Amino acid sequence: MTGTTGSDTSAELSLLQQKVLDAIDDDRVVQDLRDLVAIPSIGGSGAEAEAQEWCAARLAELGCDVDRWDIDLAALSEVPGHPGAEVERWNAVGCVGVLGGTSQPASGGAGMPALALCAHTDVVPPGDLMSWPDADPFSLRIIDGLAHGRGACDMKGGLAAILGAVSALSRSGMPLRRPLAVHTVSGEEDGGLGAFATLRRGHLADACVIVEPTARTIIPLNAGSLTFRLDVTGRSTHGATRTQGVSVIDLLEDVQATLRRLERDRNADLPPEFAHLDLAWPISIGRVEAGDWASSVPDRLVAHGRFGVQVGEDVDTGRRVFEHALADAGAGHPWLRDHPVEVTWPGGEFASGSLPEGHRLLGDVASAVMAVGDPRPEVRGAPYGSDLRHYAAAGVPTLQYGPGDIRCAHALDERVEVAEVLRCARVYALLALAHCV
């Protein structure tokens, strides 16, 4: 790894590494994860801000200078590029802790953090509580080395690992040549207003690692996503004379066929980082509302879904591609020609994002991973949106590396390997040495 100079570089770095790794308190990392999962920080709930308050207090305990502020949601919504939101909030809290420097935003130079470690504290709803073991998704259970609980994987496990690394650096008394920042943000699951607000406040860094669950791979680029709404109009009649009506259920089949063709065409030639996926930019309908009487042909349908944005594709371009595909297909349809599907775009807006080609952060993360005994991690692209695009848009080179597997995120009985959380705490500590010491 880079970051230290001198004739005895490798020996000195090895001693520094061991000193910091010896200072990691595994039991406290697990306790921090337990405390975080216990806060039911569902997006839009009061506990979302509670989790941020917990982080501000914990970072102060670890010796960080903390910038904790109330986000002006109304003013933020008027800022160009605001990512939107899918839940209502009456408040939101920003939190940045800086070790080895001031939490007052710096425009550049030695005062600006050399590295930021970022985690979101909001979680998605748990669903049917009775489907969870013990009916309590917000009580961490550790069984056979797996930590179970809502947010354990996405991404409070990664946040606990960050805190373990920061604690080790602080406890070891390691003097930092450049500051290390910790960004905890809310609202990531429905657009990323917390990261957007943090960057607008001026909290930048030379580089950033977002600790999303990456299944032991490094993700330097990911796709984006947009939430669409389709309003479909048919013609109602009595169910006994259904051939005299036009069912929106039947029309949805035609719309779905159009979306499948569009999806196939857009995924025909994937970048190599996405070759491990069958679909890099999926299009899916997740919610449908139609009809108001069992014996009537339904004439109104509303469908909500997700449209995958390609890497490097402007979100407005993506919207136009989607809208034109439906319009072109409708132009040749006997009913939709005169009753076109109405497309609107509510909710969050996730652009794609990527680490600049050749940036040192990719190699530094790989080196830190190998230094804790793992093989060199694969580099892959991710098909989902994240806060990476906010940091990339602000000029902060960013990638994702964190404990857990995205397949466990948002899932019933969400879980993460405890050993992987502890291993990532060591990776982040070594990465901080490479950039800040």
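Start at Ser247, which caps the N-terminal end of helix α7: a side-chain oxygen lies 3.1 Å from the backbone nitrogen of Ile249. A polar contact here is a pair of N or O atoms within 3.5 Å; within protein, one must be able to donate a hydrogen and the other to accept it, and residues adjacent in sequence count only if both atoms are side-chain atoms. This is a predicted model: local features need pLDDT of at least 70, side-chain atom pairs count only at pLDDT 80 or more, and totals for chains, interfaces and linings use all residues. Residues are numbered from 1 along each chain as its sequence is written, and side-chain values use heavy atoms, with hydrogens and water left out.

**Stop 1: helix α7**

Select residues 248-266. Helices (H or I, at least four residues) and strands (E, at least two) are DSSP runs, numbered from the N terminus. The 19 residues of α7 should span 27 Å at 1.5 Å a residue, and the end C-alpha atoms are 26 Å apart, which agrees. The expected span is 1.5 Å times one less than the number of residues.

Now colour the buried residues of α7: Val248, Leu251, Leu252, Val255, Thr258, Leu259, Leu262, Glu263 and Arg266. They cover an arc of only 140° around the axis, which puts them on the same side of α7. The arc is that of the directions from the helix axis to the C-beta atoms. Buried means under 20% relative accessible area, exposed over 50%, and partly exposed in between (1.4 Å probe, protein chains only). Turn to the other side of α7 to find Glu253, Arg264 and Asp265 exposed.

What covers the buried side? The cover includes β9 (224-233), β10 (283-290), β11 (300-309) and α8 (315-331).

**Stop 2: strand β6**

Select residues 180-185. Six of the six residues of β6 are buried, so the strand is largely enclosed by the rest of the structure. Leu180, Val182 and Thr184 lie on one side, with Ala181, His183 and Val185 on the other.

Five bridges join β2 to β6, and the two run antiparallel. Strands pair if DSSP finds at least two bridges between them. Find Gly97: the bridge partner in β6 is Val182.

**Stop 3: the cores**

Select Leu115, Leu180, Val209, Leu361, Val365, Tyr401 and Tyr428. These have the most contacts inside the largest nonpolar core, which has 94 residues. Helix α11 (residues 418-436) gives the largest share of this core, 13 residues. Apart from it lies another core of 24 residues, among them Val232, Leu251, Leu301 and Phe322. A nonpolar core is a set of buried Ala, Val, Leu, Ile, Met, Phe, Trp, Tyr and Cys residues joined through side-chain atoms within 4.5 Å.

Zoom in on Leu361. Leaving aside neighbours within four places in sequence, its contacts (heavy atoms within 4.5 Å) include Leu115, Val209, Pro397, Leu431 and His435.

**Stop 4: backbone details**

Go to Asp154. The peptide bond from Asp154 to Met155 is cis, with omega near -5°. Met155 lies in helix α5 (residues 152-171).

Next, two loops. Asp144 sits between β4 (141-143) and β5 (146-148). Its phi is near 55°, a positive value in a residue other than glycine. Asp144 counts as exposed, at 78% relative accessibility.

Finish at Asp413, in the loop between β16 (398-400) and β17 (415-417). Asp413 has a positive phi of about 60° although it is not a glycine. Is Asp413 buried or exposed? Asp413 is buried, with a relative accessible area of 17%.
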